[in-house]
Amino acid sequence: MVSRVASSDELQVRFWGIRGSTCASGPQFMEFGGHTACVEIRCGKRLFIVDAGTGISALGSALGEDVPDTIDILFSHLHLDHVGGLAFFKPALTKERLVRTYCGNLDGESAMVSLDKLFSPPLFPVRLGQFPARFEHVGFKAGDTLTFDDGARIGTHSLNHPGGATGYRFQHGNRSVCYISDVEHSEAWPDKALADFVHDADLMIYDGMFSEAEYPRCRGWGHSTWEKGVDLAKAAGVKALAIFHLYPGHDDAFIRAMEAEMKAVMPTAFVARERQSIILDASGQEAVADWPKAAKVPAV
Ligand SMILES: [Zn+2]
Ligand SMILES: [Zn+2]
C-alpha cells in the first residue's frame with residue numbers, strides 16, 4: 001500500500017481512471033484498468049483531483065478519513081467520461097465539506113448548468129444541490145493561471161477538442177506535471193504554444209487514445225496518438241511521458257505491445273495504469289509505487 005500523503009517536498013500523481021470515452025471491463029483489461037479519467041495530484045500534502053470519470057469513486061473510498069474540508073476538482077472538460085463519476089465521490093456525502101469544480105472551456109462559464117442538467121431526474125435521481133456537501137462551481141478561461149486561497153497556482157492551456165478542453169500544469173518546488181487530455185494534434189506538430197506550455201515538465205500525461213495506424217479513421221474525434229505524444233515530449237524537453245485516455249477496445253495485450261514500441265523510441269515513456277503512483281521528489285530520485293511493472297520515471 002502506497003503511503004497516502006506525500007511529504008511536503010514531493011509531487012505525487014496517482015491514476016484512478018485511465019480510459020477514454022467509456023469504461024472497459026473483463027479479464028483482458030486487468031493490467032491497465034477500466035475506469036474513465038480521474039487523476040489524483042498531490043503538491044506536497046495539497047490535494048487536487050483532475051477529472052471525475054468513474055475512477056473518482058475508488059479515489060473517494062481510498063481517501064478514507066484523510067479528506068480536506070475543501071476539495072478542488074479540475075475538469076479538462078465536461079464530456080461524460082470526465083464527469084460521470086462525480087455523484088459517486090464519497091466525500092461529497094459528508095456535511096461541512098466544500099467541493100469546488102473548475103471548468104475552463106466554456107468561455108468563463110462554470111460547470112454548474114451542465115452538471116445540474118446531468119445530475120437531475122430523469123437522468124439521475126438527485127441533484128448535486130441535495131448532497132450533504134456543498135458544491136461551488138468556478139468558471140475560467142483556459143490560458144488563465146488559477147490561484148487558490150493557500151497560494152497554490154496552476155497553469156492552464158486551451159486544447160484542441162470538440163467543444164474545447166483545458167490542459168493543466170502543476171508545479172511544486174522544482175518538479176512539474178502536465179495533464180494534456182483530451183486533445184487532437186494539429187497538422188503542424190508539435191504545436192508551438194502547447195510545447196511552450198509543457199516545456200521541461202518532469203512528467204506529461206497525454207491523450208494517446210489511438211495509434212498512428214488507427215488515426216485516419218478517427219480524425220476529427222478530438223484525440224491523439226502515442227506517437228504524437230512522443231514527438232511533443234521530445235520537442236519540449238519533457239522528461240517522462242504517460243500515455244492516457246486509453247481506447248476501451250484496446251486490451252492489455254494490445255497496449256503492452258504498443259508500450260514496447262513506444263519505449264523503443266522514448267525509454268521514459270509508459271502507459272498509465274490504474275492505481276499506479278508516481279512520486280517526484282525534490283532530489284530527483286523517483287519511485288513508482290504499487291505497480292511493479294510500471295516504468296520508472298527517470299532521475300533528472
Ligand atoms: Zn474523454
Ligand atoms: Zn472529450
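# A guided tour of a predicted model

According to UniProt, in an unreviewed entry, residues 35–209 carry the annotation "domain: Metallo-beta-lactamase". Select residues 35–209 to begin: this stretch is 15% helix and 33% strand, and its end C-alpha atoms sit 14 Å apart. Keep in mind that you are looking at a predicted model.

**The whole protein**

Zoom out and colour by secondary structure. Of the 300 residues, 49% are buried.

Now colour by confidence. The average pLDDT is 92, and 92% of the residues score at least 70. Select residues 1–5, where the pLDDT is below 50; beyond near neighbours in sequence, this stretch makes six contacts in the model. Residues 290–300 also have a pLDDT below 50, and they make 32 contacts beyond near neighbours in sequence.

**Into the core**

Which residues touch the most other members of the largest nonpolar core? Select Ile49, Leu203, Met204 and Ile205: these are the ones, in a core of 80 residues. Strand E12 contributes the most to this core, with five residues.

Stay with Ile205 and show what surrounds it. Leaving aside residues up to four places away in sequence, Ile205 touches Val39, Cys178, Tyr179, Ile180, Ser181, Ala242, Phe244 and Ala272.

Next, select strand E12, residues 240–244. Five of its five residues are buried, so E12 is largely enclosed by the rest of the structure. In a regular strand, side chains alternate between the two faces of the sheet.

Strand E11 (203–207) runs parallel to E12, and five bridges join them. To see one facing pair, pick Tyr206, which stands opposite Ile243. E12 also pairs with strand E13 (residues 269–271), again in the parallel sense, over three bridges. Here Leu241 has Ala269 as its bridge partner.

**Helix H6**

Move to helix H6, residues 226–236, and highlight its buried residues: Trp226, Glu227, Lys228, Gly229, Leu232 and Ala233. What covers them? The cover includes helix H4 (192–198), strands E11 and E12, and helix H7 (252–265). Just after H6, Gly237 takes a positive phi of about 70°.

Select the loop between strand E10 (175–180) and H4, where you will find Asp182. The peptide bond from Ser181 to Asp182 is cis, with omega near 5°. Pro190 is in the loop between E10 and H4 too, and a cis peptide bond with omega of about 0° joins it to Trp189.

Asp51, in the loop between strand E3 (46–50) and helix H1 (56–63), has a phi of about 70°. Is Asp51 buried or exposed? It has 30 C-beta neighbours inside 10 Å, so Asp51 counts as buried; the cut-off is 20 or more.

Finish at Arg275, in the loop between E13 and strand E14 (277–280). Its phi is about 75°. With 19 C-beta neighbours inside 10 Å, Arg275 counts as partly exposed.

Methods
Residues are numbered from 1 along each chain as its sequence is written. Chains are lettered from A and ligands numbered from 1 in the order in which they are written. A residue is buried if 20 or more other C-beta atoms lie within 10 Å of its own, exposed if 12 or fewer, and partly exposed in between; C-beta atoms are placed from the backbone. Helices (H or I, at least four residues) and strands (E, at least two) are DSSP runs, numbered from the N terminus. Two residues are in contact if their C-beta atoms, placed from the backbone, lie within 7 Å. A nonpolar core is a set of buried Ala, Val, Leu, Ile, Met, Phe, Trp, Tyr and Cys residues joined through C-beta atoms within 7 Å. pLDDT is the predictor's confidence in each residue, from 0 to 100. UniProt positions are given in the numbering used here, feature names are shortened, and annotations may be inferred rather than shown by experiment. Two strands pair if DSSP finds at least two bridges between them.
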